[in-house]
Amino acid sequence: AEEERFLTTIEGGMRRFDELAPEHTTQERTIAGEDAFKLYDTYGFPIDLTEMMARERGSPVDLDGFARALAARQDHAGAIVWIQQRLAALEGGAPYGLGPFAIAPSRLLLVQVDSARDALWTMEESLRCSGVAAVIGELAGPGEAADLTATRRLNLVTEAHGALGLLLRQQPLKAASACATRWLVAGAAGS
């Protein structure tokens, strides 16, 4: 019975994904962050799986929107710190429209810094703050400064302090990373 429910959930997710990114289309369709989050939250599709399948069909995924949706689900009392390298703002634009994610503007702190190194330092320090529920760092290009050492530091401070840490890049980085596809999945308590 549990196996059947799992397969039904996956099949439902695949049907929804097919609606969002049809296999045989000549028109590029971006998968909205809300939709990517629903695939993750409702159907159990990790964002990297959604992104990989979408890439095969020529459909980009709105990762900024996904990050906002995920951050909105964090502790509603904590702040959400969005740290953006200035060049990333030029490449991908400033964070937009938080309405559908129910993030109160009073919870959101937007920070722009000049270098990737400054963004990583600000992320690390923000993750240490007890009043912070989530930290989103956005780096320009592939974000070479977010190497194995830097991402391991972020991973350790995230684990130690319990805040959600998300690192967005405008392009994929080919080097090793301690944070690439780090998802902690656990069963919900039964009622």
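Colleague: Is Thr 50 buried or exposed, and what is its relative accessible area?

Modeller: Buried means under 20% relative accessible area, exposed over 50%, and partly exposed in between, with a 1.4 Å probe and protein chains only. Thr 50 is buried, at a relative accessible area of 0%. This is a predicted model, where local features need pLDDT of at least 70 and side-chain atom pairs count only at pLDDT 80 or more, while totals for chains, interfaces and linings use all residues. Residues are numbered from 1 along each chain as its sequence is written, and side-chain values use heavy atoms, with hydrogens and water left out.

Colleague: Where does Thr 50 lie, and which residues is Thr 50 in contact with, leaving aside neighbours within four places in sequence?

Modeller: Helices (H or I, at least four residues) and strands (E, at least two) are DSSP runs, numbered from the N terminus. Thr 50 lies in helix α3, residues 47-56. Contact means heavy atoms within 4.5 Å. Leaving aside neighbours within four places in sequence, Thr 50 touches Phe 17, Leu 39, Phe 45 and Val 61.

Colleague: Where does Gln 27 lie, and does Gln 27 count as buried or exposed?

Modeller: Gln 27 is in the loop between α1 (2-20) and α2 (33-41). Gln 27 counts as exposed, at 55% relative accessibility. Ser 59 is 32 residues from Gln 27 in sequence, and the C-alpha to C-alpha distance is 8.9 Å.

Colleague: At what angle do α2 and α4 cross, and which residues meet?

Modeller: Axes are lines fitted to C-alpha atoms, for helices over the stretch in contact, and angles run from 0 to 180 degrees between N-to-C directions. Angles under 35 degrees count as roughly parallel, over 145 as roughly antiparallel, 65 to 115 as roughly perpendicular and the rest as oblique. The axes of α2 and α4 (residues 63-72) cross at roughly 55 degrees and come within 7 Å, so the two helices are oblique to each other. From α2, Gly 33, Ala 36, Phe 37 and Tyr 40 meet Gly 65, Phe 66, Ala 69 and Leu 70 of α4. This contact has six nonpolar, two polar and no charged residues, where Ala, Val, Leu, Ile, Met, Phe, Trp, Tyr, Cys and Pro count as nonpolar, Asp, Glu, Lys and Arg as charged, and the others, Gly among them, as polar.

Colleague: How do α6 and α7 pack?

Modeller: Helix α6 (residues 116-127) and helix α7 (residues 148-161) pack at about 15 degrees, with axes 9 Å apart, and are therefore roughly parallel. Leu 120, Met 123, Glu 124 and Leu 127 in α6 meet a set in α7 including Arg 153, Leu 154 and His 161.

Colleague: What pattern does the protein follow along the sequence?

Modeller: The pattern is α-α-α-α-β-α-β-α-β-α-β, with seven helices and four strands. Buried residues make up 38% of the 191 residues.
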